[in-house]
Amino acid sequence: MIRIAIVEDDKNTELLIRDYINKYALESERKIDITSFGDGDEIVENYKMEYDILLMDIQMQFMDGLTAARKIREQDPDVVIIFITNMAQYAIHGYEVNAFDYVLKPVSYFSFSEKLNRAVERMKKQDRQYLTIALDRGLKKIEISQIRYIESQGHKITFHTGSKEYITLSFTMKELEKKLENNHFYRCNKGYLVNLEYVEGIQDGCAVIADDRIMISRLKKTAFWEALTNYVGDTVN
Amino acid sequence: MNFILPEIPRLHTALAEWSSCMIFVIVFRNRICGLKLAAVTAVTLLIQGVFQLFAGTLPIGFWIPAMVMAILFMFFFIYLSCRLSVYDAAYLCVRAFVLAEFAASLEWQIYCFLILGTESTYTELWKVLNLLVIYLVIFSIAFRLENRFAPVELHINVHLREVALAVIIGLAAFTMSNIGFVYSNTPFSARYDAEIFIIRTIVDFGGLAVLYAHYILNSELRNKQELDAIRNVLQRQYSQYELFKDNIELLNIKYHDLKNQIAVIRAEKDPEKRETYLSEMDQRIKIYEAQNRTGHQVLDTVLSSKSLLCVDNNIELTCVANGKLLDFMDAMDICTIFGNALDNAIESELLISEKEKRLIHVSVFSKNNFLMIRFENYFLGTLQATSGQLPETTKKNKDSHGYGLKSIRYSAERYGGSVTINQNNHWVELKVLIPLQ
């Protein structure tokens, strides 16, 4: 289920967008829930982090789209924002609020549905995924997105999350690599599996993750850069 | 010399031919790898060995045809295990063949000198040991040299002329080195077996050296041409930028003129004239709107010039770009990356006949400590690219085109960055990742 909010003061445009979304939902076989707001101030007031995508007009009477987006961003860093506007020169400021894209009025279905589809594909996965590991004291479920990197020494596997480290003997690196294939982990050398989300830089052939430096094997250097480029490029922004 | 020197055993020749093919297969590996490669190489070693043993039983008249078969076999081994053109494979095959001839000849000569005729009980053991040591030394040196000069793109793109030259050199070396075995009374034939061996080794070495020199010279020439072409592309985008900057300044002046025109229109009494004035203004404003304001002057200018091109061709270009992130980059590199990426995208959009499907989206943002520049364009075909590598140009003349992408990579790598391009359903995505310091 995808939740979309339309913020638009022009009733006709709002109805058109609704139509387009319903058509898109039908075509892509997705379930989409739509909520409408008549002005920027309406959505900002009592904003709840329950939407995946905001379709926002820029010029509105009481609060313009950019201001509303700015206020929403203070609370919700993840929601995908797409502006709907007839003023391209305002939309370009969308980067200030990490907007994903904009659609120009008059809105055409083709362009709209393609952009919406791109946004849906790139939305942060909302469902949390967990990995169950066997610790000394019993089983433990860890949220995969919290794992920064995984280290192996002999049979010992250490999961490094921001706050804690978990040690287990229940996996091999190969199994983990396979299991986390779709969670943007990369094996940057024999003993380390790195979550690309947490790579903050590359220095002297090492991936920088918080205060740790993880060696990238010489053979994997190019492939690691590629994986990282593709991963960062696939985030919404 | 009192005793007649024996000819090189067939198995030695087979091993030499296989090893020299292996050098190129490993250096130019990109079609098969891992277990598959191991299987293919094992099978080819077996076939080459069996073939040479079989050829050894044939009468002398079949010597040349058997040689041709062996060379053809080497060619197919290289051609099928690497993603190379026929010319490339033929060129490498000639080099592999001469290398194999040289290695086999030298090894056998040393064996004959050191071991043959000495009163050793372990002749066979010495023979194998000699073979292993000499081949290991020769082929590891050859491998190191080859690896050092291996082109990044893993193909060399030789032309027919170069292949022909290599074949002539190879043929000359082969004929000169073997003529003594076939005819003993030509001006080039040695009278004694030992001399034949030395001459063969030396001539093969000469052939090898000439082929090697030709190869290096050729690849240096190619690199230079490529660099020149990339520089040309860099320069072109930059001069376009300079040109457009002037136009934009003119446009700004026009913009202020518009204000004066408003006053004129206000004073105009005739409604029809007023209407024409107004629609004229509308048109001018549209052009002005195409100007982008991202917070970076160079980027704005490049984007504006390309957006005008898009407006002209009914391409919907949208751009969400934080230009301030580009402050650390040279104007030249910004022009190169954005200019070429957009030129490519626009060119690809023009192939789409339904105008509403012509979409391009540009994003510039930062994540963690990285700058991401992303170009996406709607695309109806299939991108020709192996993972990660930049695709071959679709333009006909490969020698003079395809430098757009290369120059983008060249610019990105100047900042320690990386470029990938891939296709996701109907969208082509070009991503440039650059670390922010």
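Mentor: Helices and strands here are DSSP runs, numbered from the N terminus. Keep in mind that this is a predicted model.

Trainee: Where is A:His184 found in chain A?
Mentor: A:His184 lies in the loop between helix 6 (173–179) and strand 11 (185–189) of chain A.

Trainee: What is the phi of A:His184?
Mentor: First the general idea: most residues other than glycine have a negative phi, and most peptide bonds are trans. In A:His184, phi is positive, near 45 degrees. A:Asn46 also has a positive phi, near 55 degrees, and sits in the loop between helix 2 (40–44) and strand 3 (53–57) of chain A.

Trainee: Why does A:Asn46 count as exposed?
Mentor: The cut-off for exposed is over 50% relative accessible area. A:Asn46 counts as exposed because its relative accessibility is 66%. A:His184, at 30%, counts as partly exposed.

Trainee: Which peptide bond of chain A is cis?
Mentor: The bond from A:Lys105 to A:Pro106 is cis, with omega near -5 degrees. A:Pro106 belongs to the loop between strand 5 (101–104) and helix 5 (109–122) of chain A.

Trainee: Now chain B. Which way do the residues of strand 3 point?
Mentor: In a regular strand the side chains alternate between the two faces of the sheet. In strand 3 of chain B, B:Phe370, B:Met372, B:Arg374, B:Glu376 and B:Tyr378 point one way, while B:Leu371, B:Ile373, B:Phe375 and B:Asn377 point the other way. Nine of the nine residues of this strand are buried.

Trainee: How many bridges join strand 3 of chain B to strand 2 and to strand 5?
Mentor: Eight bridges join strand 3 of chain B to strand 2, and the two run antiparallel. Within that pairing, B:His361 stands opposite B:Glu376. The two strands form a hairpin with two residues between them, and B:Asn368 in the turn has a positive phi of about 45 degrees. Strand 5 of chain B is joined to strand 3 by nine bridges, again antiparallel. There, B:Leu433 is the bridge partner of B:Met372.

Trainee: How many residues of chain B are in contact with chain A?
Mentor: 40 residues of chain B are in contact with 37 residues of chain A. Together the chains bury about 3,300 Å², with 55% of it on carbon and sulfur atoms.

Trainee: How many salt bridges cross the interface of chain B and chain A?
Mentor: The rule finds seven. A:Glu197 forms a salt bridge with B:Lys367, their closest N and O atoms being 3.2 Å apart.

Note on methods: Residues are numbered from 1 along each chain as its sequence is written. Chains are lettered from A and ligands numbered from 1 in the order in which they are written. This is a predicted model: local features need pLDDT of at least 70, side-chain atom pairs count only at pLDDT 80 or more; totals for chains, interfaces and linings use all residues. Side-chain values use heavy atoms; hydrogens and water are left out. Contact means heavy atoms within 4.5 Å. Buried area is the accessible area (1.4 Å probe) that two parts lose on being put together, summed over both. A salt bridge is a side-chain nitrogen of Lys or Arg within 4 Å of a carboxyl oxygen of Asp or Glu. Buried means under 20% relative accessible area, exposed over 50%, partly exposed in between (1.4 Å probe, protein chains only). Helices (H or I, at least four residues) and strands (E, at least two) are DSSP runs, numbered from the N terminus. Two strands pair if DSSP finds at least two bridges between them.
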